[in-house]
Amino acid sequence: MDDPDDHLMRCFASAFPSATRDEIRTTKIFDAIPGWDSLRMLNLLAVLDDEFGVQIDLPELLELEPFDAVKRYLLQRGLMS
């Protein structure tokens, strides 16, 4: 079975292809992720919707720290194990 962290990391990597795994995992705010722009952010929202069936509002997502907070968000909603 697919590792949930790897699954989420692939979602982030598809939206932010110029960022390394370490940069994605440790960056504290979205706009500090290498390659960040509003279109990539919308792409991440679409990928998360496709992969996890969750619709996160952009303002809500921007309040989350990137990787760990999105992971907690998905875990709390039972969308990741």
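1. Helices (H or I, at least four residues) and strands (E, at least two) are taken as DSSP runs and numbered from the N terminus. On this basis, Ala32 lies in the loop between H2 and H3. The structure is a predicted model, in which local features need pLDDT of at least 70, side-chain atom pairs count only at pLDDT 80 or more, and totals for chains, interfaces and linings use all residues. Residues are numbered from 1 along each chain as its sequence is written, and side-chain values use heavy atoms, with hydrogens and water left out.

2. Burial is assigned by relative accessible area: buried means under 20%, exposed over 50%, and partly exposed in between (1.4 Å probe, protein chains only). Ala32 counts as partly exposed because its relative accessibility is 44%. From C-alpha to C-alpha, Ala32 and Pro66 are 9.7 Å apart in space, although 34 residues separate them in sequence.

3. Axes are lines fitted to C-alpha atoms, for helices over the stretch in contact, and angles run from 0 to 180 degrees between N-to-C directions. The axes of helix H1 (residues 4-15) and helix H5 (residues 66-76) come within 11 Å and cross at roughly 125 degrees. That makes H1 oblique to H5, given that angles under 35 degrees count as roughly parallel, over 145 as roughly antiparallel, 65 to 115 as roughly perpendicular and the rest as oblique. The crossing of H1 with H5 is right-handed; a crossing is left-handed if the near helix is turned anticlockwise from the far one by less than a right angle, and right-handed if clockwise.

4. Contact means heavy atoms within 4.5 Å. From H1, Asp5, Leu8, Met9 and Phe12 meet Pro66, Phe67, Val70, Lys71 and Leu74 of H5. By class, this contact of H1 with H5 has seven nonpolar, no polar and two charged residues (Ala, Val, Leu, Ile, Met, Phe, Trp, Tyr, Cys and Pro count as nonpolar, Asp, Glu, Lys and Arg as charged, and the others, Gly among them, as polar).

5. H1 also packs against H3, at an angle of about 150 degrees and with the axes 8 Å apart. The crossing of H1 and H3 is right-handed. H1 contributes His7, Leu8, Cys11, Phe12, Ser14 and Ala15 to the contact, and H3 contributes Arg40, Asn43, Leu44, Val47, Leu48, Glu51 and Phe52. The residues of the contact of H1 with H3 comprise eight nonpolar, three polar and two charged.

6. Rings of Phe, Tyr and Trp (its six-membered ring) pair if their centres lie within 6.5 Å; planes under 30 degrees apart count as stacked, over 60 as edge-to-face and the rest as tilted. By this rule there are three aromatic pairs. Phe12 and Phe30 form a stacked pair, at 6.2 Å centre to centre and with 5 degrees between the planes. This pair links distant parts of the chain, with Phe12 in helix H1 and Phe30 in the loop between helix H2 (21-26) and helix H3 (38-52), 18 residues apart. Both Phe12 and Phe30 are buried. Ring pairs link Phe12, Phe16, Phe30 and Phe67 into a cluster.

7. Phe67 is in helix H5 and counts as buried because its relative accessibility is 1%. Residues up to four places away in sequence aside, Phe67 touches Asp5, Leu8, Met9, Phe12, Ile24 and Arg25. The buried residues of H5 are Pro66, Phe67, Ala69, Val70, Tyr73 and Leu74. Their cover includes H1, H2, H3 and helix H4 (58-63).
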